[in-house]
Amino acid sequence: MPFNIFDIIGPVMIGPSSSHTAGAVRIGRVGWKILGEKAVKAEIGLFGSFAMTGKGHGTDRALVAGILGMTTDDERIPRSFEVAKEAGLDFTFSEVKLSQAHPNTAILQLTGVSGAQCIVQGASVGGGNIVITKLNGMESAFTGEQDTLIIAHKDMPGMIAMITAELAEHGINIGSFRLSRPQKGLQAVMTIELDTGIDEATVSKLRGLHDVGNVVYMAAH
C-alpha cells in the first residue's frame, strides 16, 4: 500500500501539535494564496477542538501565521500576533457551529489590501495534513499535497472541455477534478489537482480564457 513519508515523520514544524499547529498554518497559508494579496482583515471561526483546545496548542497563532504567508517551519509562528500587527493585519476569533464537519476545522474570511475577499473552510486531519472543504461557500476537496489549480468561472457549456484541452495541449495530466456551483448558469469553481507542476505562462493563458474569472495556482507544500 503506498504511503506518504509525512504520514510517518510528520512535517518540519514549529509548535507542539502537528494537527493543531502545522495543519493550522497550512490552512491559513491556503487562505493567503487564494486571496492573492496582503490580507488586512481576518475573521477566523473555530470549530470543535480547534475552538476548545486550540489556544493552548497555538492554533490561533498558527492560523494567523499562515494568513501572513508563513510556512510550518517559520520561527516567527509563536509571535505571529505581533508580526500581524506590524503588518497591518486586523484579526478576530470566534467559535462557530457546523454540522458534519471535522473537529479541527477553521473558517477564514479574509479581506485584502485592494478590498478583495475570500472565504476558506479547511480541516486539519492529522500529521499536519489538511483538507480544504469549502471555497467562498462552494464545496471543495483538495489537500495541498499535489499542485492545484483553483479556477473561478461562469457556469457555461464547454468550460470544462476548454480548460482541460488547454492543460492537455501543454502535456499536463489531471490527478483529480471537482466542479462546484451553487446554481446552474452562475459562478462555478473548478478544483484541479495536477500530476505535475505548471508554468506561469500556462496559468496566464488560462486566466485569459473566455468566461474565466480568476485562476489561482498552488504548488504542493
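This is a predicted model: local features need pLDDT of at least 70, side-chain atom pairs count only at pLDDT 80 or more; totals for chains, interfaces and linings use all residues.

Q: Now to α6. Which residues of that helix are buried?

A: In α6, residues 159-169, the buried ones are M159, I163, E166 and L167. These residues lie on the same side of α6, because they cover an arc of only 100 degrees around the axis.

Q: Why would residues a few places apart point the same way?

A: An α-helix has 3.6 residues a turn, so residues three or four places apart point the same way.

Q: Which residues are exposed on the other side of α6?

A: A161, A168 and E169 are exposed there.

Q: What do the buried residues of α6 pack against?

A: They pack against the strands β7 (147-154), β8 (174-180), β9 (187-194) and β10 (212-218), and also against helix α7 (200-207).

Q: In what order do the strands of that open sheet stand?

A: The order is β8-β9-β7-β10, with antiparallel pairing among the 4 strands. Strands β8 and β10 are at the edges with a single partner strand each, so one side of each has no neighbour in the sheet. On average, neighbouring strands of this sheet are turned by 15 degrees against each other, direction ignored.

Q: How many bridges join β7 to β9?

A: There are 8 bridges between β7 and β9, which run antiparallel. In one of these pairings, L149 has I192 in β9 as its bridge partner.

Q: Where do the two helices lie relative to these strands?

A: Helix α6 lies across β7, β8, β9 and β10, and runs at about 30 degrees to β9. Helix α7 packs on the sheet and touches β7 and β10; its direction makes about 155 degrees with that of β10.

Q: Changing topic: is β3 mostly covered or mostly uncovered?

A: Strand β3, residues 104-112, is mostly covered, with 8 of its 9 residues buried.

Q: Which strands pair with it?

A: Strand β1 (residues 39-48) pairs with β3 in the antiparallel sense over 9 bridges, and N104 in β3 is the bridge partner of G48. Strand β4 (residues 117-126) also pairs antiparallel with β3, over 7 bridges; there, T105 stands opposite A123.

Terms used:
Residues are numbered from 1 along each chain as its sequence is written. Side-chain values use heavy atoms; hydrogens and water are left out. Buried means under 20% relative accessible area, exposed over 50%, partly exposed in between (1.4 Å probe, protein chains only). The arc is that of the directions from the helix axis to the C-beta atoms. Contact means heavy atoms within 4.5 Å. Two strands pair if DSSP finds at least two bridges between them. Axes are lines fitted to C-alpha atoms, for helices over the stretch in contact, and angles run from 0 to 180 degrees between N-to-C directions.
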